[in-house]
Amino acid sequence: MPLSEHEQQLLEQMEQALYAEDPKFASQMQGAGARASARRRMAVGVVGVVAGLALVLVGVNTTMWIGAIGFAVMVGAVAFALTPPRRKTALGTVQPDGSVRRSTPGRSPGKTKSSKSGGSFMNRIEERWDKRRDDGY
């Protein structure tokens, strides 16, 4: 029997809370789906490197541009294989009392309104400094 939409959301929130509290344990508990995804990314990367190498060899015999494209394909394939997949955005934040505070659309739970407003880089740094000084760090 499949889970209801509400139950799926609760399960996702619990997974996110576990990952936030203990990322090492959560990464060990990721199922075969995460490993299969990593294997798939690695396989695509290896195929890309082989294709890029073939283009480099063809480029050596013909024109320099084909070799340059082959090199770019190889670099892109390696980057694709080694970067982790993007994680879903958080649906909410688990509070210390166990309740879940939903995040507003377009805003992740850790961001403040001032960083959302897009102030300058220096303003955000100054705000962080002030916050740390006020919190006593």
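**Reading the labels**

Guide: Val-46 has a relative accessibility of 47%, which makes this residue partly exposed. Please keep in mind that the model is predicted.

Visitor: Why is Val-46 called partly exposed?
Guide: Partly exposed covers the range between under 20% (buried) and over 50% (exposed). Val-46, at 47%, is therefore partly exposed. This valine sits in helix H3.

Visitor: What makes the nonpolar surface patch, and which helices supply at least two of its residues?
Guide: Met-42, Val-46, Val-50, Val-78 and Leu-82 make up the patch, which covers about 460 Å². Helix H3 (32-61) and helix H4 (64-82) each give at least two residues, and H3 has the largest share, with 3 residues.

Visitor: How do you know that Asp-130 and Arg-133 form a salt bridge?
Guide: The cut-off is a side-chain nitrogen of Lys or Arg within 4 Å of a carboxyl oxygen of Asp or Glu. Here the closest N and O atoms are 2.9 Å apart, so the pair qualifies. The structure holds 1 salt bridge.

Visitor: Where do Asp-130 and Arg-133 lie relative to each other in helix H6?
Guide: Both belong to helix H6 (residues 121-135), and because they are 3 residues apart, about one helical turn separates them.

Visitor: Are Asp-130 and Arg-133 buried, partly exposed or exposed?
Guide: Asp-130 has a relative accessible area of 32%, so the label is partly exposed. Arg-133 reaches 54%, which is over 50%, so Arg-133 is exposed.

Methods. Residues are numbered from 1 along each chain as its sequence is written. This is a predicted model: local features need pLDDT of at least 70, side-chain atom pairs count only at pLDDT 80 or more; totals for chains, interfaces and linings use all residues. Side-chain values use heavy atoms; hydrogens and water are left out. Helices (H or I, at least four residues) and strands (E, at least two) are DSSP runs, numbered from the N terminus. Buried means under 20% relative accessible area, exposed over 50%, partly exposed in between (1.4 Å probe, protein chains only). Patches are made of residues with over 30% relative accessible area and no salt bridge: like charges are joined within 9 Å, nonpolar side chains (Val, Leu, Ile, Met, Phe, Trp, Tyr) within 5 Å. Accessible areas come from the Shrake-Rupley method with a 1.4 Å probe; for residues, only the protein chains shown count as cover.
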